[in-house]
2 protein chains.
Amino acid sequence: MKPKPQSRRGDAFGPNSRTDARDRILEAAVNLFFEHGFVSTTIRQITTACGLTPGALYNHFKSKEELLLAIALDAQTRVWDCVSSAREAGGADPAAQLSNMVRAFVLFHLTHQRAALTASSEYRWLSGNDRKRNIANRRRLRSAFAEVVQSGVNAGVFESGLSPSQINIVVMSLLNMGIRAARWYEPGAAQSAEAVADLHAWMAVRIVSAGGAPPPTG
Amino acid sequence: MKPKPQSRRGDAFGPNSRTDARDRILEAAVNLFFEHGFVSTTIRQITTACGLTPGALYNHFKSKEELLLAIALDAQTRVWDCVSSAREAGGADPAAQLSNMVRAFVLFHLTHQRAALTASSEYRWLSGNDRKRNIANRRRLRSAFAEVVQSGVNAGVFESGLSPSQINIVVMSLLNMGIRAARWYEPGAAQSAEAVADLHAWMAVRIVSAGGAPPPTG
DNA sequence: ATTATAAATGAACGTTAGTTCATAGTTTGG
DNA sequence: CCAAACTATGAACTAACGTTCATTTATAAT
């Protein structure tokens with residue numbers, strides 16, 4: 001009786017201005033995925049949150065999973081870009097590279113908590129090739145970190161006792177602590193996102209730097 | 001037509017020996033929660049996995065949530081005991097205490113991957129007081145770690161520049177990397193659980209030990 | 001042996017999930 | 001100004017969910 005489709009471009013400004021429906025869906029979804037998890041979030045919650053009815057969502061995404069995929073791929077792409085340019089900004093010094101990368105990674109997770117955490121911890125609900133793609137992206141990121149640490153070890157600036165498999169574990173630990181920071185960090189807290197990111201970068205460099213107690217063998 | 005209730009004590013041995021139904025349910029549940037998550041695991045999956053029908057589960061647990069609670073509380077208790085005695089074994093030296101605690105924490109997560117990860121990352125599906133209890137247990141554990149780090153800072157054996165809020169972040173990072181290790185570690189891998197735990201303990205001590213670059217301010 | 005308790009069954013219940021679809025209104029392009 | 005392409009609606013569908021229950025069988029206690 002009262003279907004009132006909205007403009008695709010939206011009235012960019014004014015009291016009744018609305019953004020594109022697709023973007024509103026994505027924003028509502030990322031909020032709800034963060035809060036309740038992908039599985040527990042319903043299509044009806046998402047569409048209600050952005051003023052639509054369930055059927056309308058399927059004009060923009062062909063399934064709930066494709067919605068998750070869109071969010072996850074976008075966040076992964078942005079994390080990669082972010083970390084890549086941080087690496088380049090570190091010049092040829094492995095310590096500067098690693099520090100910059102960790103800082104950028106954590107800062108991204110603190111300033112885009114919802115999307116970053118969705119990409120990093122809801123990917124298990126993707127199936128088939130979507131999942132493979134997400135996993136491949138994650139592996140690529142880990143490899144970039146591992147490369148930098150290895151180069152530092154080779155250059156003698158990082159702890160020489162670290163074996164390649166230990167390096168992998170260290171890298172996974174660093175990434176996981178950054179990812180989980182997106183869960184516990186609260187934007188209004190005493191520590192700024194930059195301070196938290198700096199602390200993580202500091203921890204990373206501390207772990208791998210040469211000097212101090214050698215790593216355990218094995 | 002063929003209800004064949006089993007012995008509560010079970011025929012302890014022999015070809016048809018069966019353990020107590022409650023334990024079989026818990027074991028099936030912890031496996032499925034680990035693999036598919038709490039929300040996605042169905043009562044029917046659990047009961048099928050241990051040779052029961054859905055209704056039978058409710059003779060042992062009054063709801064799906066109570067099943068999760070039983071698993072989570074048990075694991076938390078065991079982690080606490082484990083970490084507490086590791087702390088005592090460290091004597092009065094904060095570095096030995098922290099190293100032992102991290103080692104014990106990680107080792108527990110690697111040898112009880114399913115239960116530990118369920119306790120640590122499915123607690124959000126508990127409601128009301130169950131959830132509060134879980135959160136309180138987690139906080140107690142964090143406090144124990146923070147106490148040790150703070151005592152090391154006070155004693156001058158750990159980095160003096162670390163503020164209390166930085167200590168909290170460091171502790172959360174340490175715990176999170178141990179927790180996540182339960183997800184990526186594969187028991188048959190090249191690295192033994194002990195070696196991985198040792199490496200984590202090494203990282204922890206490296207981060208907090210005095211000397212090296214001072215932590216960022218803020 | 002008899003009784004009381006515990007445990008398993010299989011069918012059912014009420015909900016709610018993701019998704020589809022005929023319909024109707026809106027926007028765009030020629 | 002008309003037609004084609006979009007987009008939102010609201011109702012419906014199927015499937016699966018957690019849970020309940022009357023009933024039946026096994027075990028434990030007296």
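Q: In this predicted model, does A:Thr118 count as buried or exposed, and in which helix is A:Thr118 found?

A: Burial is read from relative accessibility, with the cut-off for buried set at under 20%. A:Thr118 counts as buried because its relative accessibility is 1%, and this residue is found in helix α6 of chain A, which spans residues 113–121.

Q: Which residues is A:Thr118 in contact with, leaving aside its neighbours within four places in sequence?

A: The contacts of A:Thr118, with those neighbours left aside, are A:Val30, A:Phe33, A:Phe34, A:Leu68, A:Ile71 and A:Tyr123.

Q: Helix α1 of chain B holds B:Ala28; is B:Ala28 buried or exposed, and what is B:Ala28 in contact with?

A: B:Ala28, in the helix α1 that runs over residues 21–36 of chain B, counts as buried because its relative accessibility is 8%. Apart from neighbours within four places in sequence, B:Ala28 is in contact with B:Ile46, B:Ala49 and B:Cys50. As a separate reading of distance, the C-alpha atoms of B:Ala28 and B:Val170 are separated by 35 Å, these residues being 142 apart along the chain.

Q: Where do the residues of a salt bridge lie, taking A:Arg103 and A:Asp198 as the pair?

A: The closest N and O atoms of A:Arg103 and A:Asp198 are 2.6 Å apart. Because A:Arg103 lies in helix α5 (residues 94–111) of chain A and A:Asp198 in helix α9 of chain A, the pair ties together parts that are 95 residues apart in sequence. Both partners are partly exposed, A:Arg103 with a relative accessible area of 28% and A:Asp198 at 27% relative accessibility.

Q: How far apart in helix α4 of chain B are B:Arg78 and B:Asp74?

A: B:Arg78 and B:Asp74 are four residues apart in that helix, so they are separated by about one helical turn, and their side chains meet in a salt bridge at 3.2 Å, N to O. B:Arg78 is partly exposed, with a relative accessible area of 36%, and B:Asp74 is likewise partly exposed, with 41%. Over all chains the count comes to 10 salt bridges.

Q: How many salt bridges are found across the interface of chain A and chain B?

A: The rule finds two salt bridges across this interface. In one salt bridge, the side chains of A:Glu159 and B:Arg206 meet at 2.7 Å, N to O. A:Glu159 counts as buried at 8% relative accessibility, and B:Arg206 counts as buried at 10%. Between chain A and chain B there are also 21 residue pairs in polar contact. By class, the side of chain A that touches chain B has 20 nonpolar, 14 polar and eight charged residues.

Q: What area do chain A and chain B bury between them?

A: The size of an interface is often given as the accessible area lost when the parts come together. Chain A and chain B bury about 3,300 Å² between them, 63% of it on carbon and sulfur atoms. Of the area that chain A buries against chain B, A:Ile169, A:Trp202 and A:Arg206 supply 21%, more than any other three residues. The contact takes 42 residues from chain A and 42 residues from chain B.

Q: What area is buried between domain 1 and domain 2 of chain A?

A: The two domains, 1–61 and 73–208, bury about 710 Å² between them, carbon and sulfur atoms giving 68% of that area. In domain 1 of chain A, A:Val30, A:Phe34 and A:Phe38 lose the most area to domain 2, together 69% of what that side buries. Across this interface the rule finds zero salt bridges and three residue pairs in polar contact.

Conventions. Residues are numbered from 1 along each chain as its sequence is written. Chains are lettered from A and ligands numbered from 1 in the order in which they are written. This is a predicted model: local features need pLDDT of at least 70, side-chain atom pairs count only at pLDDT 80 or more; totals for chains, interfaces and linings use all residues. Side-chain values use heavy atoms; hydrogens and water are left out. Helices (H or I, at least four residues) and strands (E, at least two) are DSSP runs, numbered from the N terminus. Buried means under 20% relative accessible area, exposed over 50%, partly exposed in between (1.4 Å probe, protein chains only). Contact means heavy atoms within 4.5 Å. Buried area is the accessible area (1.4 Å probe) that two parts lose on being put together, summed over both. A salt bridge is a side-chain nitrogen of Lys or Arg within 4 Å of a carboxyl oxygen of Asp or Glu. A polar contact is a pair of N or O atoms within 3.5 Å; within protein, one must be able to donate a hydrogen and the other to accept it, and residues adjacent in sequence count only if both atoms are side-chain atoms. Ala, Val, Leu, Ile, Met, Phe, Trp, Tyr, Cys and Pro count as nonpolar, Asp, Glu, Lys and Arg as charged, and the others, Gly among them, as polar. Domain bounds come from an automatic or database domain assignment.
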